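Dear colleague,

Please find below the structure that I am handing over to you. My notes on what was found in it follow directly after.

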Amino acid sequence: MTSWLLRLAAPLSAVLGASVLFAGAAEADRVSDDRSGVEKDVIVLCELVRSHYAYYEARETVWEAACRKGLEWARRQTAQTPAGHLDLLEGMLDQLYDNHVSLSVNSADSPRLVPSGSDYHVEMSNGAVVVTAVRAGSGAARAGLAVGDRVTALNGVPVLSAAMRRMMVKRNTISEARLEWALNAQAAGYRDQPRRVTVQRDGNAFELDLGPTATREADTRLTVRRLDGDVGYIRFEDSLGQQDAVTAFNEALEALRGVDGWILDLRNTPGGGNTGVAEPVLARFIRGVKPYQRTGPRWHEDPVRRVASRGPWRARGRVAVLVGRWTGSMGEGMAVGFDGMRRGRVFGSEMAGLAGGIESFDLPASGYSVRFPTYNLMHLDGTDRHLWRPPEPVLADNGNGEDLALETALDWVAKR
């Protein structure tokens, strides 16, 4: 079905520091018993975001308008079904325009996740919507979508009109960040809909069918090989949330032992991960104990994350880290960690920009959990992690084109 509100899809897999809190039940105690379950969930959700969401201040005006409208719609008959209940909650969360916000459930026709379920990224440039990244090996890449293409329509709907459909609350002025979020959320597509994109290239307009799915799941935790110049290459295949990836990584180090330099490819980590995988990887490249990431003021433990060396030997030589639009959450944390520890040079483009550390809260009526960032995460220099940019900018995600990021990184490592 296509509802009046297009929804953000299922929860992000494996997020940093995720835990379930039961604040929802406490908030429900203050909600009148004569309200419907949908109304109770809306009221509790609104208060949870006000009191716990790390980036509420920047979104306060839009969120308060969404809460007023959400409570109004919660009283409608269409919201009383399970599908309508879920639709309303997901639509409200869309108004935070934050890909690190989600619910614990989804429906069969939910939108795909960004970045996990997306395969190209667009930005506004001189009034046009331009493709700036295409995920290698994806449906978009196989269909021939290319960086530099101008997108004019999604499934036949003008692209800006499609983006506006994602906005339940509209203002006279829409921020650049909110518009970019809506464009890319709509570009990712929906589980029960085709993915057709109309583009202009070299003065010609044509439509591409991107296929039913954005990506193919990898059948291995890592891709490992020895490159020319005796450089060890290790690529994480969206496995930073899989504990056996640590074993696979240690085995890869042993297989490549003695190389003159290293390339760690984090461009396929959109699902994020956890410190239980990331820290053992960082630890093989350092000596002693090193800080690698900072946390914001809402974090109640040590504000500096540290990692201690481990393993029978330390990987020596230059380290190049590759990042791009599908480097997400813990992948972003690893990138800023290598840079902050001055143990690796980071090459690539802007990353997924999954802001902050996630916590989960239960909603009283539905039993769903809502997940959103409650504290900030930063580079050691104080830059917000989601705003940090690689010091070596190069096109990271070039679809079926030349892998410019890998070539640039390899040249740097080989110089030694």
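Two residues are in contact when heavy atoms of theirs lie within 4.5 Å. On that basis, 73% of the contacts in the protein with a separation of 6 or more are between residues 24 or more positions apart.

The model is predicted, so local features need pLDDT of at least 70 and side-chain atom pairs count only at pLDDT 80 or more, whereas totals for chains, interfaces and linings use all residues. Residues are numbered from 1 along each chain as its sequence is written, and side-chain values use heavy atoms, with hydrogens and water left out.

Overall composition

The protein has 11 helices and 19 strands; these are DSSP runs numbered from the N terminus, helices being H or I of at least four residues and strands E of at least two. Of its 416 residues, 56% are buried, that is, under 20% relative accessible area, with exposed meaning over 50% and partly exposed in between (1.4 Å probe, protein chains only).

Sheets

Strands are taken to pair if DSSP finds at least two bridges between them. An open sheet of 6 strands has the order E9-E10-E11-E14-E15-E19, with mixed pairing. Strand E9 (222–227) and strand E19 (392–393) are at its edges with a single partner strand each, so one side of each has no neighbour in the sheet. E15 and E19 run parallel and are joined by 2 bridges; phenylalanine 347 is opposite glutamate 392 in E19. H8 packs on this sheet, where it touches E9, E10 and E11, and its direction makes about 10° with that of E9. H10 also packs on the sheet, touching E11, E14 and E15, at about 150° to the direction of E14. For these angles, axes are lines fitted to C-alpha atoms (for helices over the stretch in contact), and values run from 0 to 180 degrees between N-to-C directions.

Another open sheet, of 3 strands, has the order E13-E12-E18 and antiparallel pairing. Strand E13 (304–308) and strand E18 (377–378) are its edge strands, each pairing on one side only. Between strand E12 (residues 289–295) and E13 there are 5 bridges, and lysine 290 stands opposite valine 307 in E13. H9 lies across E12 and E13, at about 55° to E13.

Nonpolar cores

A nonpolar core is a set of buried Ala, Val, Leu, Ile, Met, Phe, Trp, Tyr and Cys residues joined through side-chain atoms within 4.5 Å. The largest has 37 residues, and Ile234, Phe249, Trp262 and Phe285 have the most contacts inside it. Among the elements giving two or more residues to this core are strand E10 (231–236) and helix H8 (244–255). A second, separate core of 36 residues includes Leu45, Leu71, Ala355 and Phe372.

Aromatic rings

Rings of Phe, Tyr and Trp (its six-membered ring) pair if their centres lie within 6.5 Å; planes under 30 degrees apart are stacked, over 60 edge-to-face and the rest tilted. The whole structure holds 8 aromatic pairs. Phenylalanine 347 and tryptophan 412 form a tilted pair, because their ring planes are at 55°, with centres 5.7 Å apart. This pair links strand E15 (residues 345–348) to helix H11 (residues 404–415), across 65 residues, and both phenylalanine 347 and tryptophan 412 are buried. Ring pairs also link Phe236, Phe249, Trp262, Phe285 and Phe338 into a cluster.

Yours sincerely
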